[in-house]
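Notebook open, structure loaded. I want to jot down what I look up as I go, one spot at a time.

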Amino acid sequence: MILELHDVAVRYITGDFKEIGIKEYVMRKLKHNYTVREFWAVDGVSFSLEKGDMLGIIGTNGAGKSTLLKAVSGIMEPTKGRVKREGTIAALLELGSGFDGDLTVKENTYLRGAMLGYTRKFMDETYRDIIDFAELEEYEDRPFKQLSSGMKSRLAFSIASLVRPDILILDEVLSVGDGAFRKKSENKMREIIGGGATTILVSHSLEQVREMCSKILWLHKGRQIEFGPDAEGICDRYQDFLDGKFKL
Amino acid sequence: MFQKMKKYRFLFEELVKRDFKKKYKRTVLGMLWSILSPLLTLAVMALVFSQFFGRSTEHYVIYLFCGNLLFSYFSDATNGGMRSLIGNAGIFTKVDVPKYMFLLSRNVQAFINFVLTLAVFLIFVIVEPGLPLRWSFLLLLYPIACITVFNIGVGMVLSALYVFFRDVEYLYGVFTMLLMYLSAIFYNISAYPLKIQYLFYANPIYVYIRYFRKIVIENDIPEPGFHLLCAFYALAMLGIGCWMYKKYNHRFLYYV
């Protein structure tokens, strides 16, 4: 067992508290105009993954996919339940974020590698491969902000996949880049899975999920609708749901 | 703790490098500027205040420099520290890293700046007639360690508050200015009645500045009680900071 979630729930808060000053906070409190809404973004999700599994998470917008990934990767602490992880984890949530526009491509690569928990020695050894795979040889010493968005996500993907984590999380990653790079990255994904890594993929492309994933988790409004190895069956039922054939 | 430090050492080094590059890369004078800026402040202050306060205070330029040196270290470290969480929100909302790393790396940068200015300060002391370098100067390491810990503590409190309330930035700006006037940087408190003089010891920055002046100018080693006071301020602040980080660690995410 490489990843196990047991009855995980995450309570999320939203409301007027963002980007306000002390003055406004006090005023709103006095006027009883200060509202904070709490809701369960993820509620009662349990599943477990073995080595080499590829989990596809499907669900409409607001289903809690991103929140669940944050709980899995340790960025958020589950309000209830527990997450058990083994080994290193590399999360690619929202591509291109977390890079620094003023640093060069090379510096950013090292920084990202460090964030993913690798050693300098390992990065020295892997750096060439990362740049080659991302096809950014000519841009190594350019500031990151000069790169196109496609190049940025190519770099992000290359770093995360070439450092060979035990668990790799990809959030809407494979839908970026041009056709040629997409093909290349899909092949890379298969290679990683073949190499024994456990992967979690969030994608709005049902085709991709059907084709690549060995297990499927279907979320709806934070709740777990289905989980299992029957990728085709779950995807079919999800498609029916999307077509409006039944309601949840 | 030790394991964790080993694990995140590489990240810490990369963060320090990043902060350093970002600060100095685009200015022609680069690192030189970080020494030049406190020197210019010192020059202006010496020019303006020598006439008023310099007559009653021996070695007035060194007296001023002690105050400026420590206060600008405090101000640089805490103002930078305040922004360290918000400035790195793009990272800690996407990757699971300890959040205090950003604050520590910013403090390392402020510390390097401080050491550069300290070197200039020691040159000033050597040049100043009647102030030889003494072995007791090694004791200065003690207030330096204390103020560094104190800065980290204040930075923790501020960076946490700044996540919740964005106007902390302006309030802190006003606060720093007031504290500057209360730290006896350019005036001498000996003209005040004894009771008021004691009140100055409620200001940690003043206490650290006083330590410097005792050693460098007065050739006097402070009493044990004075040492305790230095350590007390530093550790109390660090304690409050750690408590805030521990308490709000998982709440920061909702506010950025």
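This is a predicted model: local features need pLDDT of at least 70, side-chain atom pairs count only at pLDDT 80 or more; totals for chains, interfaces and linings use all residues.

**Entry 1: Asp43(A).** I looked up what Asp43(A) touches and, leaving aside its neighbours within four places in sequence, I got Ala9(A), Gly222(A) and Arg223(A). Contact here means that two residues have their C-beta atoms, placed from the backbone, within 7 Å. Residues are numbered from 1 along each chain as its sequence is written, while chains are lettered from A and ligands numbered from 1 in the order in which they are written.

Is Asp43(A) buried or exposed? It counts as buried because 20 other C-beta atoms lie within 10 Å. The cut-offs: 20 or more other C-beta atoms within 10 Å is buried, 12 or fewer is exposed, and in between is partly exposed, with C-beta atoms placed from the backbone. I also checked Asp7(A): its C-alpha atom is 7.6 Å from that of Asp43(A), though the two are 36 residues apart along the chain.

**Entry 2: the strands.** Asp43(A) sits in strand β2 of chain A. Strands are DSSP runs of E with at least two residues, helices are runs of H or I with at least four, and both are numbered from the N terminus. β2(A) (residues 36–49) runs antiparallel to β1(A) (residues 3–15), and ten bridges join them. Strands pair if DSSP finds at least two bridges between them. β1(A) is also joined to β4(A) (residues 80–85), again antiparallel, by five bridges. I followed Leu3(A) both ways: its bridge partner in β2(A) is Leu49(A), and in β4(A) it stands opposite Arg85(A).

**Entry 3: where the chains meet.** How many residues of chain A are in contact with chain B? I found 30, and they meet 21 residues of chain B. On the chain A side, α1 (22–30) and α3 (105–115) are the elements that give two or more residues. α3(A) gives the most, with five.

**Entry 4: two helices in chain B.** Last stop: α4(B) (residues 60–87) and α10(B) (residues 204–216) pack at about 145 degrees, axes 9 Å apart. Axes are lines fitted to C-alpha atoms, for helices over the stretch in contact, and angles run from 0 to 180 degrees between N-to-C directions. Among the residues that meet, I noted Phe71(B) and Phe74(B) from α4(B), and Tyr208(B) and Phe212(B) from α10(B).
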